[in-house]
Amino acid sequence: MRGEIETYSRELRWILDQIGVSLRGLTPAQLNWRPPTGAANSAYAIVSHVLGSTGVYVLGFGCGLPVRRDRSAEFAASGDDADALVARVGRLSAEIEAALATLAPAALDERITPPKELWGTGDPRQISRRDALVEGIRHAGIHLGELRLTRDLALRPA
């Protein structure tokens, strides 16, 4: 089962690395640009949400570490420094790698009921630590696609 944890670590590292690649070179205007749909998020907000949700699901629910989260602030986030945001992504990736390196394979089957304030939308339900890691990967991967599309739209000529 150590190989299973290493797979989770590798996949998360790749997704987070690709998020960093997608942010590089964005101007402050591009970083904060939102598609004109009324509900779409900026690249900055998308990445802020990935940082919050991945930290909670992987470090908190998956590895049992103490975490905090302000979900509404994730979606309202803005900033003008893509490099600083890339650095935050890199720090989370390193934290995840270190935490997963010490996670006992037997812990994957432990079941937890996450607190509502960390869960996100809907009512929390009991999940295994494995489920939490898989959800963290799935969720971050979905938002990587959203980030890539948002970046492409923000970069196109006006």
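In the protein chain, 75% of the contacts with a separation of 6 or more are made by residues 24 or more positions apart. The structure described here is a predicted model. The protein chain contains 7 helices and 2 strands, and these elements follow the pattern α-α-α-α-α-β-α-β-α along the sequence.

The overall dimensions were examined next. A compact globule with 158 residues would have a radius of gyration near 15 Å, and the value of 16 Å for the protein chain agrees with this. Along the principal axes, the C-alpha atoms fill a box of roughly 55 × 30 × 20 Å. Of the 158 residues, 47% are buried. The accessible surface amounts to about 8,000 Å², and carbon and sulfur atoms account for 54% of that surface. The side chains include 19 positive and 19 negative ones, and the centres of these two sets are 2 Å apart.

Aromatic side chains were considered in more detail. The structure holds 3 aromatic pairs. In one of them, tyrosine 57 and tryptophan 119 lie 6.1 Å apart, centre to centre, with 45 degrees between the planes, and the pair is tilted. Tyrosine 57 belongs to helix α3 (residues 43-62) and tryptophan 119 to helix α6 (residues 116-119), so this pair ties together parts that are 62 residues apart in sequence. Tyrosine 57 has a relative accessibility of 11% and therefore counts as buried, since the term applies under 20%. Tryptophan 119, at 10% relative accessibility, likewise counts as buried. Ring pairs also bring in Phe61, so that Tyr57, Phe61 and Trp119 are linked into a cluster.

Conventions: Residues numbered from 1 in each chain as written. Predicted model: local features only at pLDDT ≥ 70, side-chain atom pairs only at ≥ 80, totals over all residues. Heavy atoms only, no water. Phe/Tyr/Trp six-rings, centres within 6.5 Å; stacked < 30°, edge-to-face > 60°. Helix = DSSP H or I, 4+ residues; strand = E, 2+ residues; numbered from the N terminus. Buried < 20%, exposed > 50% of the residue type's maximum accessible area, 1.4 Å probe, protein only. Rg over C-alpha atoms; globule rule 2.2 N^0.38 Å. Contact = heavy atoms within 4.5 Å. Areas by Shrake-Rupley, 256 points an atom, 1.4 Å probe, with all protein chains shown as cover. Lys, Arg positive; Asp, Glu negative; His and termini not counted. Charge placed at Lys NZ, Arg CZ, Asp CG, Glu CD.
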